[in-house]
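Me: I have a structure open and want to learn how to read it. Can we go feature by feature?

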Amino acid sequence: MASVGVFAGLIVVFSILCKSHADRNVYPSAGVLFVHVLEREYFKGEFPPYPKAGDSSNDPITFNTNLKGYPDRPGWLRYIQRTSHSDGVLYGSPTAEHVGKPTIIEITAYNKRTFETARHNLVINIMSTEEFPLPYQAEFFIKNMNVEEMLASEVLGDFLGAVKNVWQPERLNAINITSALDRGGRVPLPINDLKEGVYVMVGADVQFSSCLREVETPQNQLRCSQEMEPVISCDKKFRAQFHIDWCKISLVDITKVVPVHSNRPDLGTGVLPDIGEYNPPSESLKSRDYFADFLITLAVPSAIALVLFIILGYSMCCRREGVIQLVHHSSIQKSTKEIRSMSKNREISWPLSTLPVFHPVSGEVVPPIHPDSYETTSMPLMQTQPNLQSQIQIPQQQSSGDNYCMSTFRRLEVNGIPEERKVAEALNL
């Protein structure tokens with residue numbers, strides 16, 4: 001059944017679907033907020049009962065609403081259902097353009113437990129009224145409410161009662177309710193019970209009160225530009241239940257709004273003019289010679305590439321600078337190959353820098369220090385330790401006479417070649 005709630009002159013149209021299988025007719029007025037509640041309890045009677053007694057209320061039911069014959073609803077009508085265990089709500093504000101045009105809304109209920117559906121039609125007959133739209137309209141932004149909470153008749157009635165106490169009009173009605181998400185707002189974080197916020201537009205028949213116009217003072221405008229709350233004397237009448245962002249309030253006097261007339265082009269009937277029958281091209285097509293296209297796409301680029309190749313070959317092979325570069329490059333390659341082949345051959349003789357050296361004081365032959373078996377960062381260049389393991393003696397000529405003394409050096413082998421042979425080779429040099 002449909003009902004019109006009246007709160008001391010406040011008009012809001014509410015409709016609740018009754019338990020009747022016939023199409024339901026509602027009669028909202030243009031310019032007045034229309035709210036229609038889709039109760040889950042009504043549709044549960046059309047689904048099989050729950051196996052356990054007393055648990056039928058736990059069936060998750062969702063709704064789908066669309067204009068009959070179309071995939072979506074009319075532009076002025078919105079729908080919201082927060083969870084599958086809550087009722088759905090159709091709401092919106094019809095305009096004068098929809099007066100006299102019955103709008104049939106198909107309502108489909110889905111039972112997610114049994115996967116069954118139930119369908120009913122809602123016929124919306126929009127009525128015209130002489131007192132709407134009201135000339136003075138104010139839009140409030142309420143920060144601590146979600147749209148489904150604000151659509152409840154008790155909450156909306158409390159808000160309109162607070163506005164009536166501040167504004168003191170003879171007639172006051174809710175025109176429209178819009179979620180902040182539909183205005184580009186962000187989804188709040190799920191902490192501290194944050195709300196999405198909702199815009200509520202109301203209309204009245206008298207001028208705006210001085211309290212509502214306090215937000216237009218330079219001091220409050222400055223505070224709003226600095227993201228500070230303005231000082232509003234009547235804010236305490238809303239603060240107990242509604243947190244209003246006074247910087248986002250909008251006051252519109254439609255009697256002073258200059259209408260904008262746009263010259264729309266004539267859309268016509270949508271039927272193309274008759275220009276006669278279609279004449280397809282003849283079946284006999286003229287032959288085409290593609291030789292010129294071949295020359296342009298292949299022969300010309302090939303000839304240019306050949307000329308460039310000849311110029312490059314002449315510069316590199318026939319001119320002196322090019323020949324020098326080729327010889328230099330060849331010598332670098334030859335030296336690189338020779339060094340690589342020498343590094344692979346491990347049986348060659350060690351260079352003289354790796355042969356045993358003679359101590360400048362004692363005259364002893366000291367083997368070189370190989371980086372593979374010694375720590376070169378902490379050992380001296382000349383070995384001075386007197387006690388060396390695996391030492392052998394070699395003769396050494398004294399400064400006077402023909403006597404010889406024996407000197408010792410360590411016996412080492414490198415790549416299987418004894419160090420004695422390398423010492424002899426070094427003495428014979």
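This is a predicted model: local features need pLDDT of at least 70, side-chain atom pairs count only at pLDDT 80 or more; totals for chains, interfaces and linings use all residues.

Me: Which UniProt annotation covers residues 290–312?
Reply: Here we turn to a record. An unreviewed UniProt entry labels residues 290–312 "transmembrane region".

Me: Next, the sheet. What is the strand order in the open sheet of 4 strands?
Reply: Read across the sheet, strand by strand. The order is E3-E9-E8-E5, and the pairing is mixed. E3 (24–26) and E5 (61–67) are the edge strands. Each has a single partner strand, so one side of each has no neighbour in the sheet. From one strand to the next, the twist averages 25 degrees.

Me: In which sense do E3 and E9 pair, and over how many bridges?
Reply: Compare the strand directions, then count bridges. E3 pairs with E9 (residues 116–124) in the parallel sense, over 3 bridges. For a residue pair, take Val26: its bridge partner in E9 is Ile124.

Me: Now a single residue. Where is the place of Ser341?
Reply: Find the element first, then the surroundings. Ser341 sits in helix H7, which spans residues 320–344.

Me: Why is Ser341 called partly exposed?
Reply: Look at the relative accessible area. Ser341 has 41%, so Ser341 is partly exposed.

Me: Which backbone oxygen does the side chain of Ser341 reach?
Reply: Follow the side chain to its contact. The side chain of Ser341 reaches the backbone oxygen of Glu338, at 2.7 Å.

Definitions and conventions: Residues are numbered from 1 along each chain as its sequence is written. Side-chain values use heavy atoms; hydrogens and water are left out. Two strands pair if DSSP finds at least two bridges between them. Helices (H or I, at least four residues) and strands (E, at least two) are DSSP runs, numbered from the N terminus. Axes are lines fitted to C-alpha atoms, for helices over the stretch in contact, and angles run from 0 to 180 degrees between N-to-C directions. UniProt positions are given in the numbering used here, feature names are shortened, and annotations may be inferred rather than shown by experiment. Buried means under 20% relative accessible area, exposed over 50%, partly exposed in between (1.4 Å probe, protein chains only). A polar contact is a pair of N or O atoms within 3.5 Å; within protein, one must be able to donate a hydrogen and the other to accept it, and residues adjacent in sequence count only if both atoms are side-chain atoms.
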